[in-house]
Amino acid sequence: IDENKIMGYSMAQYSSQRMYLLNQGINARLDPKVFGETGKIFLKNIQPKTSVFLEAKEGNFCTINLYRKAEFKEIAIRNKYYGLRKNAVVMENIKY
C-alpha cells in the first residue's frame, strides 16, 4: 500500500474516548483486500483507550467479516435502521 496516495476516505465523529465511524469508502479500482489494509492504517492512528463504533447492514457478510478481522465485536442490533426490513449490526473495537 502506498500511504501517500488517496485510496479512500473515512468520516468519523469523536467524543471523549469514543469514535463513531459514520462512513467509509475506497477507490473502486483497488482490490477489495486493500479496504482491510486501509482500515488497519486508520485504527493505528486512533488514540489509546478509545472505543470505535460502527454499523453494518445485517446480512452484509463481506463487510461484517471484514470488521471482525479488524477485531470488531458485534454488540447490538438496531432494528429497522436501514428501513423497514433492514437491521444494522452495531460493532465495537476498543483500542488499547
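Q: Which residue in β3 does Met19 stand opposite?
A: Met19 stands opposite Val52 in β3. The model is predicted, so local features need pLDDT of at least 70 and side-chain atom pairs count only at pLDDT 80 or more, while totals for chains, interfaces and linings use all residues. Residues are numbered from 1 along each chain as its sequence is written, and side-chain values use heavy atoms, without hydrogens and water.

Q: How many bridges join β2 to β3?
A: Three bridges join strand β2 (residues 18-26) to β3, and the two run parallel. Strands here are DSSP runs of E with at least two residues, numbered from the N terminus; two of them pair if DSSP finds at least two bridges between them.

Q: And in which sense do β3 and β5 pair?
A: Antiparallel, over eight bridges, with β5 covering residues 88-95. Thr50 stands opposite Lys95 of β5.

Q: Is β3 mostly covered or open?
A: Mostly covered: six of its eight residues are buried, meaning under 20% relative accessible area with a 1.4 Å probe and protein chains only, where exposed is over 50% and partly exposed lies in between.

Q: Changing topic, how many salt bridges are found?
A: The whole structure has two, each being a side-chain nitrogen of Lys or Arg within 4 Å of a carboxyl oxygen of Asp or Glu. Glu55 and Arg78 form one, at 2.7 Å from N to O. Glu55 belongs to β3 (residues 50-57) and Arg78 to β4 (residues 73-78), so this pair ties together parts 23 residues apart in sequence.

Q: What about Arg68?
A: Arg68 forms a salt bridge with Glu74, their closest N and O atoms being 2.3 Å apart. Arg68 is partly exposed at 44% relative accessibility, and Glu74 is partly exposed at 40%.

Note on methods
Helix = DSSP H or I, 4+ residues; strand = E, 2+ residues; numbered from the N terminus.
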